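Here is a short report on a two-chain model. Read it with the viewer open.

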Amino acid sequence: MSQRLYELIAKVMGGESSSINDESSPTSVESWTSFKGYVLLSELETEFNVKFTIDEAMDVTNVADIKKHLKNHGVDLTD
Amino acid sequence: MTAEHKLSYYINNSDKILETKFNKKIRIGILSSFTINGLKETIQVKSADKNIDCTTYVGAYNQYNQEILNVESNLYKFSPDITFLIIDTQNILGDFFYFPYDVSILERKNFVEKKLKELQTLIDIFTSNTKSKLIIANFNIPTYSPYGIFETKTEYGFHQMVEDLNRKLSNNVAKSNSVYVYDFNRFILKYGENNIFDSKQFFFGDMKIALDYIPHLANDLMSYVTAYLGLSKKCIVLDLDNTLWGGVIGEDGFNGIMLGPEPPGNTYVEFQRVLLSLFQRGIILAINSKNNKDDVLKVIEEHPYMILKKEHFASMRINWNDKVSNIKEIAHELNISADSMVFFDDDPVNREFMKLNMPQILTVDLPLDSSQYVQTIKQMNEFDVLNITAEDITRGKMYVEQQKRNNFEQATPNLESFLKNLELKILIKNSNEFTIPRISQLTLKTNQFNLTTKRYQESDIKKISDNDKYIVGCAQVEDKFGDNGITGVFIVNKTNSQEWFIDTFLLSCRVMGRDVEKAILGHIINRAKEDNVELIKTQFLSSQKNKPIEDFLPNCGFKKDGDYWYYSLKTPFIIPTYLEVNIE
C-alpha cells in the first residue's frame with residue numbers, strides 16, 4: 001500500500017519511487033523544496049481524496065508524518 | 001479537450017525541454033502581487049508542446065511596481081515580448097477589502113479613481129519603456145461582502161467598486177494595441193471561487209490560486225502567446241454523421257437523423273449554433289465526410305433544423321475518399337496551411353488516422369456524449385486573436401465568393417481572359433489608424449506569398465509608418481464577385497537617394513494568382529521613379545512555406561547578386577492592363 005504513496009511522492013519530486021521510504025524528507029531528497037512540499041500536499045489531497053488541516057500540513061517533516069496524517073483521515077497505508 | 005495534467009507534471013517536465021530548434025520563440029515576463037510558483041514552468045511546457053521556445057522572467061514577489069517604475073529593472077533588461085501583470089483584489093483594495101463600509105460612498109468612489117490612476121501610470125510607464133505587450137489581469141469580484149444579502153441594495157458597495165474598477169480599466173485600454181485586459185474574474189467564475197482559493201494554501205504558502213488550477217490559468221494565458229505569434233487556428237473541418245447531426249444519413253435517411261428541438265437532436269443544433277458564431281467572427285468552415293453527396297446536400301439545403309447552410313461552408317468534400325486526402329484538398333483549395341486547421345470527427349478511428357498522417361492539424365477528441373460537444377468547442381482557445389478586424393468578420397462571405405471565382409476560373413479557357421473578366425480593381429492605401437491593425441495582422445499571418453516573412457506587431461507598424469524613411473502601404477482588392485478587403489502589404493525603406501529597399505512584400509492567399517503583386521510592385525516602382533531613385537533592392541528569405549513567391553522577383557525583372565535581388569529603374573515595367581489601379 002505504501003507503494004502508491006511513494007510513487008506519488010517520486011512523481012512530484014521528479015525521481016524514482018524506489019528511492020523513497022518512510023524516512024525520506026526535505027533533507028534527504030534534494031528536489032524536495034518548500035514549494036514542492038506544497039505541490040505534494042495538494043496532490044496528496046486529490047489522490048487520496050482527503051483535506052489536511054493547516055496544523056497537519058505544518059507538522060510534516062518526513063514521509064512517515066504524511067502516513068500518520070493520512071491515517072487520521074481514514075487512509076491506512078500499512079502493508 | 002483532454003484532461004488537464006497536475007502541476008507536478010509541468011514542474012518536472014519543464015527541466016526536460018530539449019534545446020531543439022523550435023519554429024517560434026517568445027519571451028514572457030510575469031509580474032504578480034502574490035506567489036504564483038509553477039506558472040512559469042507550465043507555460044514553458046505548454047509552449048514546447050506547440051513548438052515554441054519560451055524564455056521567462058518572473059518578477060520578485062509583489063515587486064511589480066518597482067519592476068515597472070524603475071527603467072533599469074530586470075524586467076526591462078529581459079526585454080519581454082509579452083508581460084503578464086496579475087494583481088489580486090485584496091492587494092489593490094488594501095483595507096477597503098475588509099472594511100469598505102468604514103468610509104463614505106464618495107470616499108469609495110474616490111479610492112477607485114485613485115487606483116485607476118495608479119494603474120494608468122504603471123501602464124504609461126511600461127509602454128514607454130518596452131515594446132512588450134502588457135496583459136493586465138482584471139480583479140476578481142469576491143462573493144463575500146460584510147453586508148451579506150444587503151450588498152445588492154448598497155449604493156456603490158464593495159462588489160460594485162471592483163466591477164467599476166474592472167469596467168474602467170477595460171475602457172482605458174480598449175483603444176491600445178499593446179495593452180490588453182485578461183478577464184481573470186471570468187477565470188474564477190469558470191472554475192469557482194471555492195476551488196481556486198484554497199484557504200490552507202493561502203495561509204500556509206501565500207498562494208492565492210490553488211496549485212491544481214495553475215495549469216488552467218496557464219491555458220488562458222497561452223491564448224495570448226499563440227495569438228501573438230500568429231498561431232491562431234483559422235478553419236474548422238467537420239465530419240457530418242454524429243458530428244453535425246445524430247445518426248447516419250446514408251442509413252437513417254432524411255427523416256431519421258437526429259437534429260431538432262428534442263434530445264439528443266438539440267445537442268447538435270446547439271453545436272451548430274456555436275460553429276455559426278465562430279463563422280461570424282471569421283473562422284472558415286469546411287466539410288470532410290464519407291457520404292453520398294446528394295443525401296448530404298438535401299439535408300443542408302432542406303432540413304428545417306440545419307443551422308449551418310451551404311453558404312457557410314467554404315469547401316465541401318463529401319465522397320468516399322479517405323479523409324486525409326480530402327483535408328489536403330481542402331487546404332489546397334482554401335489556400336491555407338494545415339497547421340491552421342482544426343478537425344472535428346466523432347469517429348476515433350478517423351481521428352487517429354488524421355493525427356498520424358497530419359499531426360500539424362489539431363484533431364479534437366470529441367467526447368462520446370454529444371451533449372458535451374458544445375462545452376468542448378467553447379473551451380477551445382485556439383481561435384483567439386489579439387484583434388478582430390473588419391476583414392475577419394466578412395471572411396466567410398469572401399470565401400463563398402471565392403468558390404464562385406473558382407467555378408468561373410474553371411469555365412474560362414485561359415488565364416489572361418479569366419483575369420480580364422474578373423474586373424480587378426486595386427486600391428493602394430497608406431498606413432493609417434484604420435489600416436494599421438490589418439497590415440500588422442497580414443504580416444503576422446501570411447506565410448505563402450510573403451517575400452521576407454517579417455512579423456510586425458501593430459506597434460511596430462505604427463513606428464515604421466511614423467518614420468519618413470519608410471513607405472508602409474497596403475492594397476485593397478475588389479473584383480466582380482465582391483470585395484476581398486485589404487489583402488496586400490508592402491514596406492519600403494528609402495535607404496538613400498539612389499536606392500530603396502523592399503523590406504516586406506506580401507499578398508494574402510485569397511488574392512494570389514491574380515497579378516495583384518504586379519500592381520503593387522508597379523506602384524512602388526512608379527514612386528521610386530518620381531523620387532529619381534536608380535535601384536530597388538530586396539531579398540527573398542526562404543521559409544518552409546513561401547515557395548509560391550520564389551519566382552516573383554526574377555519574373556518581374558529583378559537580378560540576383562549575392563544574397564540580394566536588384567531592380568534597375570531603367571528596366572521598363574508594365575502593369576497588366578486588366579488591372580485597374582487607384583491610389584487613395
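The report goes from whole chains to sheets, then to the interface and backbone details.

## Basis of the model

This is a predicted model: local features need pLDDT of at least 70, side-chain atom pairs count only at pLDDT 80 or more, and totals for chains, interfaces and linings use all residues. Residues are numbered from 1 along each chain as its sequence is written, while chains are lettered from A and ligands numbered from 1 in the order in which they are written.

## Overall dimensions

Chain B holds 23 helices and 19 strands. These are DSSP runs, numbered from the N terminus: helices are H or I with at least four residues, strands are E with at least two. Chain B has a radius of gyration of 27 Å, close to the 25 Å that the globule rule gives for 584 residues, so it is as compact as a globular protein of that length. The radius is taken over C-alpha atoms, and the rule is 2.2 Å times the number of residues to the power 0.38. Along the principal axes, the C-alpha atoms of chain B fill a box of roughly 80 × 70 × 50 Å.

Chain A has four helices and zero strands. Its elements run α-α-α-α from the N terminus on. For 79 residues, a compact globule would have a radius of gyration near 12 Å; the 11 Å of chain A agrees. The C-alpha box of chain A, along the principal axes, is roughly 30 × 25 × 20 Å.

## Domains of chain B

Chain B is divided into domain 1 (7-228), domain 2 (235-378) and domain 3 (393-583). The bounds come from an automatic or database domain assignment. Between the C-alpha centres of domain 1 and domain 3 of chain B lie 40 Å.

## Sheet β2-β1-β3-β4-β5

In chain B, five strands make an open sheet in the order β2-β1-β3-β4-β5, with parallel pairing. Two strands pair if DSSP finds at least two bridges between them. The edge strands are β2 (52-58) and β5 (179-182) of chain B, each pairing on one side only. From one strand to the next, the twist averages 20°. Angles run from 0 to 180 degrees between N-to-C directions; axes are lines fitted to C-alpha atoms, for helices over the stretch in contact.

Strand β1 (residues 24-32) of chain B pairs with β2(B) over seven bridges, in the parallel sense. Within this pair, B:R27 stands opposite B:T55. Helix α2 (residues 39-49) of chain B packs on the sheet and touches β1 and β2 of chain B. Its direction makes about 170° with that of β2(B). Contact requires C-beta atoms, placed from the backbone, to lie within 7 Å.

## Sheet β8-β7-β6-β9-β10

Another open sheet of five strands in chain B has the order β8-β7-β6-β9-β10, and the pairing is parallel. Its edge strands are β8 (313-319) and β10 of chain B. The twist averages 20° from one strand to the next. Strands β6 (residues 235-238) and β7 (residues 284-290) of chain B pair over four bridges. Here B:I236 stands opposite B:L285.

Four bridges also join β9 (residues 341-345) of chain B to β10 (residues 362-365) of chain B. B:F343 faces B:T363 across this pair, standing opposite it in β10(B). The chain crosses from β9(B) through helix α16 (residues 348-357) of chain B to β10(B), in a right-handed β-α-β crossover. Right-handed means that, with the strands pointing away from the viewer, the path from the first strand over the helix to the second runs clockwise. Helix α16(B) lies across β9 and β10 of chain B, at about 155° to β10(B). Helix α15 (residues 323-334) of chain B lies across β6, β7, β8 and β9 of chain B, running at about 155° to β8(B).

## Interface

How many residues does each chain give to the contact? Chain B gives 15 residues and chain A gives 12 residues. On the side of chain B, the elements giving two or more residues are α1 (7-14) and α10 (199-205). The largest share, five residues, comes from α10(B).

This side of chain B divides into seven nonpolar, five polar and three charged residues. Ala, Val, Leu, Ile, Met, Phe, Trp, Tyr, Cys and Pro count as nonpolar, Asp, Glu, Lys and Arg as charged, and the others, Gly among them, as polar.

## Backbone details

A cis peptide bond joins B:P263 and B:P264, with omega about 0°. B:P264 sits in the loop between α12 (249-252) and α13 (265-280) of chain B. In chain A, A:N49 has a positive phi of about 55° although it is not a glycine. A:N49 is found in the loop between α2 (34-48) and α3 (54-59) of chain A.

Technical notes:
Contact = placed C-beta atoms within 7 Å.
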